[in-house]
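This report describes a protein model from the level of single residues up to the contact between chains. Please consult the sequence and the structure shown here while reading.

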Protein chains: 2
Amino acid sequence: MNGREASSTGGTGEARRAGAAGGAQRAGGAGRPDSVGARMVTEVATGRPDETAGQALSALGDPARLWDTLTYVFVLDEGSRPLGLVTIERLFNVPPETTLAKIMRRDFIALTPDEDQEEAALSAIREELDAIPVIDAEGRLIGAVDHDDILDILHEEHAEDILRQAGIQAAPGLRPIMEAGARELILRRLPWILVGLAGGMVATEIVGRFERALEAQLALAFFIPVIVYMSDAVATQTETILIRGMSLGRIEPWRYLAREIGVAFALAVASSILLAAFALLRFLSPTVAFIVGFALFVSMFAAVFVAFAIPSILAGLGKDPAYGSGPFATIISDVISILVYFAVAWATLFR
Amino acid sequence: MNGREASSTGGTGEARRAGAAGGAQRAGGAGRPDSVGARMVTEVATGRPDETAGQALSALGDPARLWDTLTYVFVLDEGSRPLGLVTIERLFNVPPETTLAKIMRRDFIALTPDEDQEEAALSAIREELDAIPVIDAEGRLIGAVDHDDILDILHEEHAEDILRQAGIQAAPGLRPIMEAGARELILRRLPWILVGLAGGMVATEIVGRFERALEAQLALAFFIPVIVYMSDAVATQTETILIRGMSLGRIEPWRYLAREIGVAFALAVASSILLAAFALLRFLSPTVAFIVGFALFVSMFAAVFVAFAIPSILAGLGKDPAYGSGPFATIISDVISILVYFAVAWATLFR
């Protein structure tokens with residue numbers, strides 16, 4: 001076993017460890033703070049495929065080394081490229097004469113330092129890896145992202161997702177948001193409040209354009225909240241499953257769309273019949289009942305396509321599809337459902 | 001070092017491992033599938049405080065043991081109660097004659113098997129633990145939840161949170177939802193769609209009761225979507241921060257409420273002035289502008305209290321505050337903002 005293939009930066013001994021959070025050495029100057037490089041530790045254990053478990057274990061005792069992580073011993077080829085991973089438990093569990101080649105896990109992925117840290121967390125879940133090997137442009141092992149960092153990254157990214165979905169801007173994580181002053185919170189929350197206000201003004205304009213329809217049937221105004229709410233509810237459901245699935249790479253968008261069309265059809269039919277029946281019984285107007293039922297059906301159905309389109313377009317543009325949930329998607333979906341509602345009303349009343 | 005304090009169930013040797021997912025032994029029959037007991041592994045390494053690192057390491061080589069996890073060596077007292085944790089890296093990094101008492105981490109928490117698995121993930125994050133010791137009623141170590149399970153639990157709980165927030169019922173996790181058939185998805189999504197529909201009918205009734213106000217000022221109908229949307233937007237922001245903070249135990253609710261009142265005031269004032277100005281310029285009616293501006297202010301402010309109250313009441317009842325986000329909170333907030341809007345309109349027009 002020879003651990004020196006993994007380059008080690010930043011001094012040696014206790015001084016190195018003292019300078020690093022949690023006792024582990026971070027590779028300094030490795031680009032963006034949310035990159036794999038910024039999360040990587042470099043004092044990792046390595047071995048050769050023909051080495052035995054016993055040899056590997058005694059090499060771990062080398063007093064000159066201060067390990068950042070022993071989650072895996074990384075088995076490398078002649079060119080320091082990773083061939084496989086052996087967990088520390090496995091090293092102790094097998095007879096000492098077993099070679100690493102026999103016990104190493106060969107299916108794994110490696111990341112480069114410039115990749116996004118979220119990729120490390122998602123890879124760990126997808127591939128069931130406890131630590132992620134990090135390689136340079138030539139494929140040589142230079143470090144690893146260990147399980148404690150993977151857990152932190154996953155937690156941070158999740159908090160970010162949830163805060164973003166609630167329209168809290170550029171949140172640096174949950175803890176800073178908890179501890180932020182009122183002024184900072186206002187600045188982080190105001191942008192989406194203003195975007196929402198602008199969207200709301202557009203909605204006001206649209207309803208205003210259909211003043212004649214409202215004058216003809218004032219009861220149509222009563223149903224604005226339910227039409228908007230229902231379209232939004234079904235869109236949020238569609239979008240949430242799609243975005244989470246895309247971020248895990250676990251979804252075939254077109255197959256998902258096909259299933260979703262069937263689901264939306266069923267939910268829209270059920271809701272429309274119930275709402276039309278309510279409108280008929282409550283206002284005794286078949287016209288209002290028809291408009292409300294038909295508009296709800298079209299608008300719930302349309303909402304599903306919008307919910308599908310926004311994250312797909314974002315992904316196509318190379319952006320994070322997660323921006324397709326939250327306040328922006330809600331405004332678009334609200335405006336479209338109001339447009340559908342009054343277009344149906346107009347066509348029914350004045351055609 | 002004597003690892004036998006940690007009770008081991010379910011046979012020995014390769015047969016044990018073969019029967020368990022991922023090569024690690026789960027404690028069978030340990031209550032609910034989402035309990036700590038169901039996630040715990042039992043073949044964990046233990047030691048005594050006066051043992052040396054060298055002794056501990058050679059005990060790990062015992063060919064009779066097949067370790068489930070070596071993330072920590074758990075240091076136990078005479079009664080098998082955990083005193084401290086030593087990471088495997090630390091065992092290799094210190095001189096072999098160092099005693100475990102000198103290098104063990106003494107601040108840690110332990111869970112019992114009947115606790116919720118989510119507690120293990122949250123404790124790992126809060127306490128920066130890589131594995132969570134599990135103890136019986138007498139405080140004796142019986143196993144541990146290891147980092148790979150902690151990561152899986154965190155990921156599952158995140159997916160559950162996000163799906164629940166979107167109104168997808170009793171989701172068993174993200175993967176099953178991705179792979180579910182259309183029929184199952186309809187059944188999981190329909191309940192919240194129906195609750196939403198019922199809420200929407202209540203909203204219809206409320207707007208209907210204020211028919212006279214709408215007849216007097218039809219322009220009030222144009223602003224229904226923006227009033228509802230804005231109250232909802234600010235409530236979602238408040239609620240998201242509160243619920244995430246509560247689940248991490250990182251928030252003092254009353255201090256948070258005080259800050260939130262200041263933030264909501266600022267956001268509501270800014271939004272109300274802008275919307276009133278828009279209403280005045282667009283419809284040239286000071287009455288409409290006053291109603292819209294004042295109602296938006298009151299309703300955004302009220303929304304913050306509702307957003308604060310729902311999770312707090314749930315927590316007070318011993319329920320997960322996370323149920324206070326998503327479709328249920330949205331409906332309540334929508335109905336209240338419509339009520340506020342038309343109450344302000346009524347008082348202004350007919351007082």
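A:Glu205 is found in helix α9 (residues 182-209) of chain A. Helices (H or I, at least four residues) and strands (E, at least two) are DSSP runs, numbered from the N terminus. The relative accessibility of A:Glu205 is 18%, so the residue counts as buried; buried means under 20% relative accessible area, exposed over 50%, and partly exposed in between (1.4 Å probe, protein chains only). Leaving aside neighbours within four places in sequence, A:Glu205 is in contact with B:Phe278 and B:Arg282, where contact means heavy atoms within 4.5 Å.

## Basis of the model

This is a predicted model, in which local features need pLDDT of at least 70 and side-chain atom pairs count only at pLDDT 80 or more, while totals for chains, interfaces and linings use all residues. Residues are numbered from 1 along each chain as its sequence is written, chains are lettered from A and ligands numbered from 1 in the order in which they are written, and side-chain values use heavy atoms, with hydrogens and water left out.

## Interface between chains A and B

In chain A, 95 residues are in contact with 98 residues of chain B. The size of an interface is often given as the accessible area lost when the parts come together. Chain A and chain B bury about 8700 Å² between them, with 72% of it on carbon and sulfur atoms; this buried area is the accessible area (1.4 Å probe) that two parts lose on being put together, summed over both. A:Phe92, A:Arg189 and A:Tyr229 supply 9% of the area that chain A buries against chain B, more than any other three residues.

Four salt bridges are counted between chain A and chain B, each defined as a side-chain nitrogen of Lys or Arg within 4 Å of a carboxyl oxygen of Asp or Glu. A:Arg282 forms a salt bridge with B:Glu205, and the closest N and O atoms are 2.2 Å apart.

## Overall make-up of chain A

Chain A contains 15 helices and five strands. Of its 351 residues, 58% are buried. Among contacts in chain A between residues at least 6 apart in sequence, 68% join residues at least 24 apart. Chain A exposes about 13600 Å², of which carbon and sulfur atoms supply 60%; accessible areas come from the Shrake-Rupley method with a 1.4 Å probe, and for residues only the protein chains shown count as cover.

## Strands

An open sheet of three strands in chain A has the order β1-β2-β3, with mixed pairing; two strands pair if DSSP finds at least two bridges between them. In chain A, β1 (44-47) and β3 (82-87) stand at the edges with a single partner strand each, so one side of each is left without a neighbour in the sheet. Four bridges join β1(A) to strand β2 (residues 69-76) of chain A, and these strands run parallel. A:Gly47 stands opposite A:Val75 in β2(A).

Strand β4 (residues 132-135) of chain A runs antiparallel to β5(A), to which four bridges join it. A:Ile132 has A:Val145 as its bridge partner in β5(A). The hairpin of β4(A) and β5(A) has five residues between the strands, and there A:Gly139 takes a positive phi near 85°. Strand β5 (residues 141-145) of chain A is mostly covered, with five of its five residues buried.

## A position in helix α14

A:Val298 lies in helix α14 (residues 286-316) of chain A. With a relative accessible area of 27%, A:Val298 is partly exposed. The C-alpha atoms of A:Val298 and A:Tyr341 are separated by 8.3 Å, although the two are 43 residues apart along the chain.
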